[in-house]
Amino acid sequence: TGLHSGRPLGVDSADYSRALQSPRASFVTLRISGELRGCMGAIKALEPLVSDVARNAFAAAFRDPRFPAVTRDEASKLEFHISVLSESAVIEFDSERDLLAKIRPGIDGLTLYEGSRKGTLLPAVWQSVSDPREFLAHLKKKAGLPADYWSTRIRVERYTALSIGQQ
């Protein structure tokens, strides 16, 4: 639909189950032959899940700033993965070492806040990361910070995700 209309799929959440009508946050990841082709989403639930997924699928295909818009030739090759996020919870810690000890490998997605900077990594990233230290280093880079950066002003929230589709 986005290829033809230039807009996200219009959905009426009333046409869907209660679960899809509930406000939930999601990320949609697109791959072609296993290679990332787009990934967009939201950490906070702002709309019904079905609407959030439709908007994020369109954004991943046509608005991810890392990639040009998906072409008609690519559309049939796309692999879709949807992550439905839980609500975020603040992690209390008093040092980087304490934070690293509280990160749950293979389970946690994390969002790091430092001043005006913010970055998030989905739990699916654990498939390509070996330990909490490496995960945190990638998260800092995603937030535009050096991998070895530390400040007492850093705030971190965790969430989990229900994964649907290919990974």
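## Arginine 37 and its surroundings

The side chain of arginine 37 comes to 2.9 Å from the backbone oxygen of proline 68, a polar contact (a pair of N or O atoms within 3.5 Å; within protein, one must be able to donate a hydrogen and the other to accept it, and residues adjacent in sequence count only if both atoms are side-chain atoms). This is a predicted model, where local features need pLDDT of at least 70 and side-chain atom pairs count only at pLDDT 80 or more, while totals for chains, interfaces and linings use all residues. Residues are numbered from 1 along each chain as its sequence is written, and side-chain values use heavy atoms, with hydrogens and water left out.

Arginine 37 belongs to strand 2 (residues 35-41); helices (H or I, at least four residues) and strands (E, at least two) are DSSP runs numbered from the N terminus. Its relative accessible area of 7% makes arginine 37 buried, on a scale where buried means under 20%, exposed over 50% and partly exposed in between (1.4 Å probe, protein chains only). Leaving aside residues up to four places away in sequence, arginine 37 touches Leu30, Arg31, Ile32, Ala60, Phe67, Pro68, Ala69, Val70, Glu74 and Leu78, with contact taken as heavy atoms within 4.5 Å.

Serine 33 has a phi near 50°, a positive value in a residue other than glycine. With 66% relative accessibility, serine 33 is exposed.

## Helix 3

Helix 3 has 14 residues and spans 20 Å from its first C-alpha to its last, close to the 20 Å expected at 1.5 Å a residue; the expected span is 1.5 Å times one less than the number of residues. The helix is mostly covered, with 11 of its 14 residues buried. Among them are Leu49, Val50, Val53 and Asn56.

Aspartate 52 is buried at 0% relative accessibility, whereas arginine 55 is partly exposed at 35%.

Phenylalanine 58 and phenylalanine 62 also lie in helix 3 (residues 49-62), 4 residues apart and about one turn of the helix. An α-helix has 3.6 residues a turn, so residues three or four places apart point the same way.

## Aromatic pairs and a charge over a ring

Searching the whole structure gives 3 aromatic pairs. Rings of Phe, Tyr and Trp (its six-membered ring) pair if their centres lie within 6.5 Å; planes under 30 degrees apart count as stacked, over 60 as edge-to-face and the rest as tilted. For phenylalanine 58 and phenylalanine 62, the ring centres are 4.9 Å apart and the planes meet at 40°, so this pair is tilted. Phenylalanine 58 is buried at 7% relative accessibility, while phenylalanine 62 is partly exposed at 24%.

Tryptophan 126 and phenylalanine 135 make a stacked pair, 4.2 Å centre to centre with 5° between the planes. Tryptophan 126 is buried at 10% relative accessible area, and phenylalanine 135 is buried at 0%. Elsewhere, the charged end of arginine 155 lies over the ring of tyrosine 113, 4.2 Å from its centre; this requires NZ of Lys or CZ of Arg within 6 Å of the ring centre and within 35 degrees of the ring normal.

The salt bridge count comes to 11. Arginine 104 is bridged to aspartate 108, with the closest N and O atoms 2.6 Å apart. Arginine 104 is partly exposed at 34% relative accessibility, but aspartate 108 is buried at 0%. Shared partners join Lys44, Arg155 and Glu157 into one salt-bridge network.

Aspartate 98 and lysine 102 form another salt bridge, at 3.4 Å, N to O. They are 4 residues apart in helix 5 (residues 96-102), and so about one helical turn separates them. Lysine 102 is partly exposed at 33% relative accessibility.

Alanine 101 is also in helix 5, and is exposed with a relative accessible area of 64%.

Note on methods:
A salt bridge is a side-chain nitrogen of Lys or Arg within 4 Å of a carboxyl oxygen of Asp or Glu.
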